[in-house]
Amino acid sequence: MLFISIPYDIKTVVKKESSLTGKSVRQIVIERLRGATVEKIFTPELRKSLLKLDEIKSLKRNWNGNNAKPISKRIICNARTLVINLNKQPQIFPTANESIQFEYDGVNNSYLELQVTKKKIIAYYKVDKNGNETMGELPFSTLLLNELVEEFYG
């Protein structure tokens, strides 16, 4: 039997994902390990997203003309982790409140906005095709984020 030591912050995320998805912690860890060994195909959309994150990484103080701070390496790393594992690539923007915003535009003015910060939580704001607004937070999980995006377009 193979035992793997998992850092505390990863344990916390996996436990949250387990409670939200109903999958066992073991099953989630195995899926993650298997997924880590699969070669990722870098589509043109993914390459564009990664280049955008590189541009954001190079921003200096006052990048917006209002003395905004550069986006931290940790936020860039969090955003890169999500982007690489997203099924559908978002539009990506830096924000003056030290975050990176992912945006998806849907039909009939529907809209999905995600905030990636240093925290391991993703805040979202969604307007559906009927104009109903929803706000919330997700644990830092590409699985849950992909589900939210699929639901948005579904």
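Reply: Reading from the N terminus, the elements of the protein chain go α-α-α-α-β-β-β-β-β-α, which gives 5 helices and 5 strands. Helices (H or I, at least four residues) and strands (E, at least two) are DSSP runs, numbered from the N terminus. Keep in mind that this is a predicted model, where local features need pLDDT of at least 70 and side-chain atom pairs count only at pLDDT 80 or more, while totals for chains, interfaces and linings use all residues. Residues are numbered from 1 along each chain as its sequence is written, and side-chain values use heavy atoms, with hydrogens and water left out.

Now zoom in on H4, which covers 73–85. This helix has 13 residues and spans 19 Å from its first C-alpha to its last, close to the 18 Å expected at 1.5 Å a residue (the expected span is 1.5 Å times one less than the number of residues).

Which residues of H4 are buried? They are Ile75, Ile76, Asn78, Ala79, Leu82 and Val83. Here, buried means under 20% relative accessible area, exposed over 50%, and partly exposed in between, using a 1.4 Å probe and protein chains only. Look down the axis of H4 and its buried residues fall within an arc of 160°, so they line one face of the helix; the arc is that of the directions from the helix axis to the C-beta atoms. Turned away from that buried side, you'll find the exposed residues Lys73 and Arg74.

So what do the buried residues of H4 pack against? Their partners are H3, strand S1 (91–95), S2, S3, S4 and H5, with contact meaning heavy atoms within 4.5 Å.

That leads us to the largest nonpolar core, which has 27 residues. A nonpolar core is a set of buried Ala, Val, Leu, Ile, Met, Phe, Trp, Tyr and Cys residues joined through side-chain atoms within 4.5 Å. H4 supplies at least two residues of this core, and so does each of H3, S2, S3, S4 and H5. Touching the most other members are Ile100, Phe102, Leu112, Leu114 and Leu145.

Finally, zoom back out. Buried residues make up 34% of the 154 residues in the protein chain.
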